[in-house]
Amino acid sequence: MAILSKEEAKKILEKVISFSKADGCSVSLNGNDRGNIRYARNSVSTSGEDSNIVLAVQSYYGKKSGSATINEFDDASLEKVVRRAEELAKLAPENPEFMEPLPQQSYGPESKTFSEATAKITPDFRAQAAADSINPAAVKDITAAGYLEDSRGFSCIMNSKGLFAYNKSTSVDFTVTMRSNDGTGSGWAAADLNDVSKLNAAEISKVAIDKALMSRNAKAIEPGKYTVILEPAAGADLIRLMLNMNARQADEGRSFLSKKGGGTKLGEKLVDERVNIYTDPWSEEVPASPWTGDGLARKKMDLIRNGTVANLIYDRYWASQKNVEPIPFPGNAIMDGGSATLEDMIKDTKKGVLVTRFWYIRPVDPQTLLYTGLTRDGTFYIENGKIKHPIKNFRFNESPIIMLNNLETLGQQKRAVTSEGGTNVYIPYMKIRDFTFSSLSDAV
């Protein structure tokens, strides 16, 4: 039952709304079928599948609201969860920022978030993906550890004002770490996709194997400011940190987008003029739902255009306070790139550092977006246009704002997986000057 058609979902939600006796009611219905396989030490350790569907009801009286959830769908259970939400709403204090549900919205065409191929993944497919990773690792005296998870599901909302929205989606996430058996080398690679036909576990695993072999017996170099080439996973880890472009935080002086003395940096140049970042729910590479959890319609929209802050994100309450149209939080982020390949960028570097990815990133100063973290799973020294040797990992202290003002080259784009998992980011390879490495890390 985890995947309901639009018509099936609508029928359930209409029945729930019909039970409501409150001033208003909002209902969401979400279902997922998931499968996974995990392996470590070149052997599968776990695999499984799960299926779940959850109905959530929010009832309100004036500015008082209450919520309840259930996963039973007979009439008695549906009425019971509505009564529970109403009971809680009557007990709740008023919420001064409560916003009544939206009326029907226009969402445009369906987004390409659903893939039939992904929806049909079988346990045999997952086992083969693991084998395609484990077997070549064992041949190269490498130990593989990886995880593949696929899902197919739907999200649906309805309210007493007449709004109805439905979207179905699929995803497949694959990540693998390869360690050399002498304990000195580590490589990593990953993919986050909607369409499994674009997944090649053997190719992804080969990237990680090659990184593990190349990174053995790393040498220490002095911390300092270096020209770096950031692979998309590393670049996305920092870029995503600047995409919480919340208007309220900026207006209240709590953001890197706040101006000294008041106001925001909307319309001001923030980074290099070659930087263009936008959101588009109908993207072919990183499709997203065309609506948010409260039913607000998304649209294609610039976030940063020619280095200038083009839009801030306004939730419905803050938009009402500022007398502007609400702007929903993006479902994806796309950064324009160039034509240079990774090999081109390496050849064009006299001295620099190639970074596979970052991890354990933590905030230092939210006003400047200064963060600290570590390199991981393949860090290499470049000299005279060639990778000279692997280097020990660094701790960095850097801000994505400073980083994008020190931009040298934008390369080809790639869908990136960050240290926090898939984040629907399509981003180029980037060459950055004066990137700050503050200390060494002995961890492989």
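## Close-up views of a two-domain chain

**View 1. Salt bridges between the domains.** Four salt bridges are counted between domain 1 and domain 2, a salt bridge being a side-chain nitrogen of Lys or Arg within 4 Å of a carboxyl oxygen of Asp or Glu. Look for Arg-248 and Glu-97, a salt-bridged pair whose closest N and O atoms are 2.9 Å apart. A word on what you are viewing: this is a predicted model, where local features need pLDDT of at least 70 and side-chain atom pairs count only at pLDDT 80 or more, while totals for chains, interfaces and linings use all residues. Residues are numbered from 1 along each chain as its sequence is written, and side-chain values use heavy atoms, with hydrogens and water left out.

View 2. Domain 1 covers 6–212 and domain 2 covers 218–444, with bounds from an automatic or database domain assignment. Their centres, taken over C-alpha atoms, lie 25 Å apart. Domain 1 brings 37 residues to the contact and domain 2 brings 32, where contact means heavy atoms within 4.5 Å. About 2800 Å² is buried between domain 1 and domain 2, with 57% of this area coming from carbon and sulfur atoms; buried area is the accessible area (1.4 Å probe) that two parts lose on being put together, summed over both. On the domain 1 side, Trp-188, Asp-192 and Lys-211 lose the most area to domain 2, together 24% of what that side buries.

**View 3. The face that domain 1 turns to domain 2.** Twelve residue pairs, both members at pLDDT 80 or more, are in polar contact between the two domains. Strands E4 (142–159), E5 (164–180) and E6 (186–193) each give two or more residues to the side of domain 1 that touches domain 2. E6 gives the most, with seven residues. By class, this side has 15 nonpolar, 14 polar and eight charged residues.

View 4. The salt bridge count comes to 27 by the rule used here.

View 5. An unreviewed UniProt entry lists residues 27–89 as "domain: Metalloprotease TldD/E N-terminal". This stretch is 24% helix and 63% strand, and its end C-alpha atoms are 14 Å apart.

Terms used:
A polar contact is a pair of N or O atoms within 3.5 Å; within protein, one must be able to donate a hydrogen and the other to accept it, and residues adjacent in sequence count only if both atoms are side-chain atoms. Helices (H or I, at least four residues) and strands (E, at least two) are DSSP runs, numbered from the N terminus. Ala, Val, Leu, Ile, Met, Phe, Trp, Tyr, Cys and Pro count as nonpolar, Asp, Glu, Lys and Arg as charged, and the others, Gly among them, as polar. UniProt positions are given in the numbering used here, feature names are shortened, and annotations may be inferred rather than shown by experiment.
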